[in-house]
Amino acid sequence: MKTPHCLVNPLTRSHCSAAAPATAFSIKPLASGSKHLLLALCLAGWTLAVAAQNTAPTPAPVASSAVQPSPVNSDLSAQLFYQLLLGELNVQGGDPGAGFSLLLDAARKQRDPQLYRRAVEVALQARSGEAALTAARAWSQALPESPEADRFLLQILLALNRVEETGPLLKSLLARASGKERTDTINAIPQTFARVPDKALAQQVVREALAPQLQLPEYAAAAWTTVGRMALAQEQWAPALSAARRAHESDPGAPLPALLALELMERGQTEAEVLVRQHLQARTKTDADRITVPLTYARILLDLQRTAEARTQLQELTQSHPESAEPWLLLATLQIQENQLPAAGASLQKYMTLARASSDERLARGLTQAYLLMAQIAERQKDFSAANAWLDRIENAEDIMAAQVRRASLLAKQGQLPQARALLRSQPERRPEDARLKYVVEAQLLRDNRAYQQAYEVYGEAVARFPEDTELVYDQAMMAEKADRLDAMEKLLRQLIAAKPDHHHAYNALGYSFAERGVRLPEARQLIEKAVELAPGDAYIQDSLAWLEYRQGNLAKALDILRAAYAKRPDVEIAAHLGEVLWVQGQREQALKIWREALLLSNDNATLQETLKRLQAKP
């Protein structure tokens with residue numbers, strides 16, 4: 001049985017309530033008293049309109065030789081005028097069924113697109129999918145050359161979950177459009193079909209409708225990108241990557257295939273990166289989206305902790321497009337991460353200058369992030385009054401919580417941890433996510449101050465309030481390990497695995513804990529291998545597997561796995577483990593080199609510092 005989903009008005013983009021399913025409304029007759037009242041109103045309105053037209057004074061002649069335009073008379077007859085007025089009065093009077101019938105009848109008589117559109121709107125506002133479909137089909141049949149009618153019809157069919165009927169319509173819409181309009185229509189298809197429950201059917205319908213476009217050189221890049229996005233919606237990585245390649249081959253300079261490749265990179269499909277690099281070489285400086293791809297690429301490189309490559313991208317962007325604000329903000333974030341505080345301050349000043357001069361709301365919202373980063377710089381420089389001054393600049397109510405979180409951090413850094421916790425707990429919860437954020441930040445402050453037991457208890461409060469939040473359960477388990485409550489950690493992780501059997505981090509954390517302590521190693525292998533099965537591309541899980549091999553004496557195998565994991569994600573803890581295996585194998589210069597790189601990433605990481613102290617190594 002098909003379940004209709006929420007209707008969307010293609011003009012207003014307004015959505016119906018999820019609690020109110022689209023059902024056909026009935027056409028109810030007017031009550032006797034209402035009939036007389038509406039008839040009197042209609043006749044009065046019609047009489048006044050006619051009288052105004054017939055008795056209006058003749059305008060005085062204008063002292064000009066210019067020819068005055070002749071008035072355009074409406075072709076509405078008195079009967080049709082009355083019918084339309086009566087229809088609108090029914091709608092306004094709470095009987096949209098009667099109003100819809102009158103308006104649709106008038107639209108059919110006049111073959112007027114505005115009247116058809118009004119009839120569709122009335123049906124949509126009344127949440128009547130079948131009535132809206134009737135009006136849209138009548139419109140499309142009466143005016144087959146109207147793309148607007150077919151766009152309405154497409155949206156209504158999708159809203160009613162009649163996906164299989166949309167293929168010919170979509171194909172027709174594409175055939176009638178040309179040039180940029182057709183390209184834009186193709187690009188909009190994934191979003192148009194995004195709410196369809198049956199993703200496989202949507203993918204099949206779209207692929208069949210796009211078949212002619214895939215063969216046309218001017219539209220092939222957009223069409224293949226859309227094919228890839230439909231596959232991406234079903235997590236079909238290989239077909240999505242194949243489509244991205246076909247799209248890129250059709251137009252190497254087009255940004256959308258590269259953006260699809262970037263999304264695949266985010267999902268762990270490393271093979272997609274070559275398409276991004278090829279696009280960056282092929283694109284021209286006059287491309288409208290000249291910074292979109294490199295900026296997104298830089299963000300992903302930062303997420304992957306490939307900071308050197310991210311820095312190269314951002315420096316090139318800020319040099320080639322210094323008038324673009326967003327690269328400066330992202331570069332400042334990286335510079336703070338690398339403790340290049342003066343350079344970060346200069347980048348933020350540049351961003352703030354550009355953002356204040358722009359009318360772009362996104363840049364204005366970014367000012368809050370810039371103020372927070374300036375406060376972070378001042379905090380690291382121990383200039384707490386300057387940090388507070390930057391936070392005082394944040395006035396948007398939606399951003400107050402972020403400012404107060406930073407204030408709490410400032411208090412904690414000054415040894416006022418109780419006051420920091422009190423500040424967090426006193427904050428009003430303006431948004432649903434604020435309550436969760438307060439718990440997480442408080443626990444993080446406690447962790448940073450090595451108050452692991454108290455942090456564990458705060459996570460316990462959070463889990464009690466949000467029992468369905470599996471990530472909070474995971475965080476509490478990790479804090480239980482820090483607090484040396486290993487039984488509690490194991491209990492929480494097993495509870496999490498039972499509730500969410502595909503939670504690969506839970507398998508990995510429990511297996512790594514056993515491997516790190518050198519206990520229950522066969523069980524540790526089972527748990528880690530299960531994590532690898534669930535997330536084969538995760539570098540942290542590969543690190544756990546390598547550490548298990550190391551603990552069991554398989555040094556060569558451990559080294560191979562760690563080298564691959566570190567190349568994929570140059571993380572501090574992976575570096576600590578890689579360096580230790582190299583050190584034990586006698587490759588001490590290579591070990592010291594890896595550890596020096598890790599110290600640049602984070603010189604206070606507990607795992608790295610413990611490793612260096614235990615091995616008495618001095619990079």
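Reader: Why is the crossing of H15 and H16 called left-handed?

Author: The model is predicted. The crossing of H15 and H16 is classed as left-handed, because that term applies when the near helix is turned anticlockwise from the far one by less than a right angle. The axes of H15 (residues 307–320) and H16 (residues 326–337) cross at roughly 145° and come within 9 Å.

Reader: Which residues of H15 and H16 meet?

Author: On H15, Thr 307, Ala 310, Arg 311, Leu 314, Leu 317 and Thr 318 take part. Their counterparts on H16 are Pro 327, Trp 328, Leu 330, Leu 331, Leu 334 and Gln 337.

Reader: What makes His 577 count as buried?

Author: Buried means under 20% relative accessible area. His 577 has 2% relative accessibility and therefore counts as buried. His 577 belongs to helix H30 (residues 572–584). Neighbours within four places in sequence aside, its contacts are Tyr 512, Asp 543, Trp 547, Leu 562 and Thr 607.

Reader: How do you know that the buried residues of H27 lie on the same side?

Author: The buried residues of H27 are Leu 521, Ala 524, Leu 527, Ile 528, Ala 531 and Val 532. They cover an arc of only 140° around the axis, so they fall on the same side of H27. These residues pack against helix H26 (504–517) and helix H28 (539–551). The face turned away from the buried side carries the exposed residues Pro 522, Gln 526 and Glu 533.

Reader: What span does H27 reach, and what is expected?

Author: H27 (residues 521–534) has 14 residues and reaches 20 Å from its first C-alpha to its last. This is close to the 20 Å expected at 1.5 Å a residue.

Reader: Why is Arg 520 called partly exposed?

Author: Partly exposed lies between the limits of under 20% for buried and over 50% for exposed. Arg 520 has a relative accessible area of 39%, and is therefore partly exposed. Arg 520 is located in the loop between H26 and H27. Although not a glycine, Arg 520 has a positive phi of about 45°. Most residues other than glycine have a negative phi.

Reader: Why does Gln 616 count as exposed?

Author: The threshold for exposed is over 50%. Gln 616 is at 70% relative accessibility, so it counts as exposed. Gln 616 lies in the segment after helix H32 (606–615), and has a positive phi of about 55° without being a glycine.

Reader: How many helices and strands does the protein chain have?

Author: The protein chain has 32 helices and zero strands. Of its 619 residues, 46% count as buried.

Definitions and conventions. Residues are numbered from 1 along each chain as its sequence is written. This is a predicted model: local features need pLDDT of at least 70, side-chain atom pairs count only at pLDDT 80 or more; totals for chains, interfaces and linings use all residues. Side-chain values use heavy atoms; hydrogens and water are left out. Helices (H or I, at least four residues) and strands (E, at least two) are DSSP runs, numbered from the N terminus. The expected span of a helix is 1.5 Å times one less than its number of residues. Buried means under 20% relative accessible area, exposed over 50%, partly exposed in between (1.4 Å probe, protein chains only). The arc is that of the directions from the helix axis to the C-beta atoms. Contact means heavy atoms within 4.5 Å. Axes are lines fitted to C-alpha atoms, for helices over the stretch in contact, and angles run from 0 to 180 degrees between N-to-C directions.
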